Structures are given as structure tokens and as C-alpha cells.
Amino acid sequence: MRILRFLIGVLGNAAGLLLFLAPVITFKRIIRSRSTEQFSGIPYVMALLNCLVFTWYGLPFVSRNNLLVSTVSGIGGVIEFTYIVIFLIYAPKKERTKIIGLFAFIMTVFLVIASVSLLALHGNTRKLFCGIAAALFSTIMFASPLSVMRMVIKTKSVEYMPFFLSLFAFLSGVSWLTFGLLSGDPVIIVPNGFGTGLGIAQLILYAIYCKNKSHTENTIKDDFTEMDLGMIDQAKKPDSSHL
């Protein structure tokens, strides 16, 4: 059972790493266009908080036999921080201010969790406190794409919901859910069970609307076309003042 658990943990690390790297395509687009367009920076900030808390939770003095959790979460934290920096460079002023405020808030939250657990709590109480915090913020992270899913349903376009991000979110959720079930650890089971369900929902939305990926862009083009045709038609009408 321990060997199987370890192997699933390694698989979870691989899936988690792919999940963290999936937005690279999005950020290449942001850098190329020098604009964050309609992409949201909130999921990356919440992902950073999740990585920080799970890195802390997986350390030996907090919970035993969860070093694999710390490994992938630590790497993920560095990657997510890089995304946030790039997002801040190209985001408009209003969005940049919002993301900086949220970033300051999540760092304060993490420092409070780490300080309280290290200085005031010990043994199982420390593990329970950090575990509840990790499960809570992980659930919030998995829920952060809900606004994007709402946009997909509203616009009938998956342009701002990258496929690989949804796919790897699902694979990572399944891997860590299995790891949690083998470990009997509810801190890992609960958020990853929720994340697996949300990943399935995103993939279903992608299957429904993938053919409409350029729906928003085409709609805008159609609007401009209608305006141009209207101007041409107006130009063709005789001026009543000369009649």
C-alpha cells in the first residue's frame, strides 16, 4: 500500500507540475500582445496561496509522510509567483491595483497561519489547524475559475478558458484525490474531490463550446461590419436639402 501511495504521489506531482505549467501558453499570448486582455489574475494569486499553505502543511514538523505534497507545492509557488509578476506588468492600472491588494492579503493570511501554527500550536493540533486552512484555501483556489466558466456560458466561447489548464486541473485533482484516499487524509480528499468535479465541469463546457472559440471575436467583427454597411447605405441616400 505504501508503494502504491508513493507512486500515486509521484503521478500527482507530475500532474500538478503540468497544471502549473499549463498557463505558459496564456502568458506567452499576454507578453506578445502586451495586454492581459480579458484574462483574470485572481486564479494565480489564489493558486499561490494554496501552494504556500500546502508546502507548509507537507513539512515534517507539521504532518508526517507528506513530503511529496511540499515538493510539488513549493515548485508550484515559484511558478505562480512568476505568473503574477508578468500579469502585473501588463495589466491595466485598475486590475493591477486589485491584484496587488489581493496578493498582499494572501501573504498576510499565510504569515498568520505559519506564525500561529509554529508558535502557539503543537503536534496534532498544529496539523489539524494547518490542514483545515489548506483544505479551505485549496477549495477556494479550485472555485476561482467559476467566474471564467460563467463567462464561457455567457459568451458561448472558450477563448479565455484554456483547454490544457482544464485538463491538467482534472488530472491533478484525480491523482491527489486518490493519494488522499490511500492516505486517509481528509485535508487532501475534500479539496481535490471538489477540484475533480470542477475539472469535469470545465471539460464538459469545453466540449460544448469549443467550436465557438472565436465567437466573441466574430461577434465584434460582425458589429463593425454592420456599422460599415450602415454608413455606406447612409452615404448612398440622397441629401434631402438638395431636393
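**Close-up views of a predicted model**

The UniProt annotation "transmembrane region", from an unreviewed entry, covers residues 6–27, 39–59, 71–90, 102–122, 128–148, 160–182 and 188–209. The views below are of a predicted model.

**View 1. Two of the annotated stretches, residues 71–90 and 102–122.** Residues 71–90 are 100% helix and 0% strand. The C-alpha atoms at the ends of this stretch, residues 71–90, lie 30 Å apart. Over residues 102–122 the chain is 86% helix, with 0% strand, and here the end C-alpha atoms are 30 Å apart.

**View 2. Helix H1, residues 2–21.** H1 has 20 residues, and at 1.5 Å a residue they should span 28 Å. The end C-alpha atoms of H1 are 28 Å apart, which agrees with that expectation. Its buried residues are Arg-5, Ile-8, Gly-9, Gly-12, Asn-13, Ala-15, Gly-16, Leu-19 and Phe-20. An α-helix has 3.6 residues a turn, so residues three or four places apart point the same way. Among the elements that cover the buried residues of H1 are helix H3 (42–58), helix H4 (67–90) and helix H8 (163–183).

**View 3. Ser-138 in helix H6, residues 123–143.** Ser-138 has a relative accessible area of 3%, so it counts as buried, the cut-off being under 20%. Leaving aside neighbours within four places in sequence, Ser-138 is in contact with Asn-50, Phe-54 and Pro-191.

**View 4. Ile-208 in helix H9, residues 186–209.** Ile-208 is exposed because its relative accessible area is 54%, and exposed means over 50%. Ile-208 and Lys-156 are 52 residues apart along the chain, and their C-alpha atoms are separated by 8.7 Å.

Conventions
Residues are numbered from 1 along each chain as its sequence is written. This is a predicted model: local features need pLDDT of at least 70, side-chain atom pairs count only at pLDDT 80 or more; totals for chains, interfaces and linings use all residues. Side-chain values use heavy atoms; hydrogens and water are left out. UniProt positions are given in the numbering used here, feature names are shortened, and annotations may be inferred rather than shown by experiment. Helices (H or I, at least four residues) and strands (E, at least two) are DSSP runs, numbered from the N terminus. Buried means under 20% relative accessible area, exposed over 50%, partly exposed in between (1.4 Å probe, protein chains only). Contact means heavy atoms within 4.5 Å. The expected span of a helix is 1.5 Å times one less than its number of residues.
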